[in-house]
Amino acid sequence: MGVRARLTLVYGAVFLAGTALVLVTSWVLVSGHLHRTLTDVAADDATRSLAGSYGLVLAGLALVSAAFGWLVAGRVLRPLQATLERQTALVAAQQQFIANASHELRSPLTVIRTEADVTLADPRASEADLRRMGRIVLEATERTDALLDALLVLASSRRELRGAGTVDLARAARRAVAHAGPEAAEARIDVELEAGPALAPGDDALLERLVVNLVENAVRHNRPGGRVAVRTTSGPEGAVLGVVNDGPRIDPADLGRLTEPFERLDRTGVRSGTGLGLSVVAAVLEAHGGRLQLEARPEGGLDVVVRLPAASVGTGAPAPDSVASR
């Protein structure tokens with residue numbers, strides 16, 4: 001028997017028991033009055049007739065109490081059912097995330113194990129072979145390290161923020177552009193920066209990671225000789241960070257998938273990545289009460305806008321500056 005059916009029985013039984021008590025009390029009182037005012041024969045006939053009527057009423061009320069109990073049980077269980085559905089969805093999402101993370105971690109480890117086994121099993125392996133193996137192992141190790149770092153950031157961003165201060169998105173943007181400079185130069189990508197004052201309340205490490213992820217994403221999901229434009233501003237609604245890049249065209253219907261963990265779509269010309277860049281961005285923004293806007297550019301590439309709540313501007317706010325790197 002389901003929970004709702006059990007609650008229906010309980011509520012219906014309580015309602016019916018209360019009604020039956022009222023009817024029985026009424027029958028006793030009326031029967032006593034009839035025996036005092038009528039002859040015994042007439043009083044007995046009236047009492048039996050009244051008992052039959054009360055029985056019919058009680059049977060009808062049994063049906064009413066069942067319907068009443070079913071409705072009340074449904075209203076009581078509705079919030080609990082919604083909570084259980086959310087928990088079920090959360091558990092399913094966590095299981096899928098763990099499965100994806102395990103797969104992503106297993107891939108570089110498999111590469112390391114295979115390269116080491118093949119090279120070491122070859123008695124004629126030369127120094128060049130060992131160096132080639134070392135480079136492959138190093139690349140796989142760096143990929144694993146980047147993935148673990150992203151997973152840790154993703155986990156920490158989903159916890160309650162404590163001791164948050166004021167973060168300067170302009171400074172974070174300058175650091176992110178400098179960090180992505182070598183990779184952009186290798187791909188001949190122009191990175192333009194317009195860093196206006198943009199102060200937001202939050203965790204410095206998480207928000208800086210957010211900016212780094214967006215700039216790295218814009219560089220890696222680009223075309224050789226392309227362009228990335230990074231801009232920070234502030235307005236009445238708060239701090240704003242915009243990152244625009246060239247690159248392959250994206251179907252607007254696929255934009256929602258970009259913030260899913262390990263989602264890379266089938267974009268060509270994409271350099272190595274963990275597939276967690278935008279999912280980390282979305283998680284950090286959720287923790288900070290911010291908003292993420294993604295727009296596919298008709299000519300190709302992505303227009304990303306991040307909005308964060310405003311913070312009070314201190315006297316030491318940085319002045320706007322422009323930086324371009326190639």
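Visitor: Why is D254 called partly exposed?
Guide: The relative accessible area decides it: buried means under 20%, exposed over 50%, and partly exposed in between, with a 1.4 Å probe and protein chains only. D254 has 21% relative accessibility, so it counts as partly exposed.

Visitor: What kind of model is this, and how are its residues and side chains treated?
Guide: It is a predicted model, in which local features need pLDDT of at least 70, side-chain atom pairs count only at pLDDT 80 or more, and totals for chains, interfaces and linings use all residues. Residues are numbered from 1 along each chain as its sequence is written, and side-chain values use heavy atoms, with hydrogens and water left out.

Visitor: What makes the contact between R257 and D254 a salt bridge?
Guide: A salt bridge needs a side-chain nitrogen of Lys or Arg within 4 Å of a carboxyl oxygen of Asp or Glu. The N to O distance between R257 and D254 is 3.3 Å, so the pair qualifies. R257 is partly exposed as well, because its relative accessibility is 37%. As for the background, side chains of opposite charge can pair when their charged atoms come close.

Visitor: How many salt bridges does the structure hold?
Guide: There are 15. One of them joins E115 and R132, with 3.3 Å between the closest N and O atoms. This pair links distant parts of the chain, 17 residues apart: E115 is in helix α2 (residues 40-121) and R132 in helix α3 (residues 127-157). E115 counts as buried at 18% relative accessibility, whereas R132, at 34%, counts as partly exposed.

Visitor: What does the salt bridge between E208 and R175 tie together?
Guide: The closest N and O atoms of E208 and R175 are 3.0 Å apart. E208 lies in helix α5 and R175 in helix α4 (residues 169-186), so the bridge ties together parts that are 33 residues apart in sequence. R175 has a relative accessible area of 41%, which makes R175 partly exposed.

Visitor: How do you know that the length of α5 agrees with that of a helix?
Guide: Helices here are DSSP runs of H or I with at least four residues, strands are runs of E with at least two, and both are numbered from the N terminus. The expected span of a helix is 1.5 Å times one less than its number of residues. For the 17 residues of α5 (residues 204-220) that gives 24 Å, and the end C-alpha atoms are 24 Å apart, so the two agree.

Visitor: Why is α5 called largely enclosed?
Guide: Of its 17 residues, 12 are buried, so the rest of the structure largely encloses α5. Among the buried ones are L206, L210, E216 and N217. Helix α6 is mostly covered too, with nine of its 12 residues buried, including G277, L278 and H288. Just after α6, G289 takes a positive phi of about 70 degrees.

Visitor: What makes N217 buried, and what does it touch?
Guide: N217 has a relative accessible area of 16%, so it is buried. Contact means heavy atoms within 4.5 Å. Not counting residues up to four places away in sequence, N217 touches N245 and L278.

Visitor: Where is the largest cavity, and what lines it?
Guide: A cavity is a set of points, on a 1 Å grid over the protein atoms alone, where a 1.4 Å probe fits but cannot get out; lining residues have an atom within 4 Å of a point. The largest cavity has 14 lining residues, and N217, A218, N245, L302 and V304 lie nearest its centre. Two or more lining residues come from each of α5, β5 (238-245) and β7 (302-308). The space in this cavity is about 110 Å³, a volume being the space filled by probe spheres set on the points.

Visitor: Why is V305 called buried?
Guide: Its relative accessible area is 15%, so V305 counts as buried. V305 is in strand β7. L241 is 64 residues away along the chain, yet the C-alpha atoms of V305 and L241 are separated by 5.8 Å.

Definitions and conventions:
1 Å grid on protein atoms, 1.4 Å probe; cavity = no way out; pocket = protein on both sides within 12 Å on 5 of 7 lines; lining within 4 Å.
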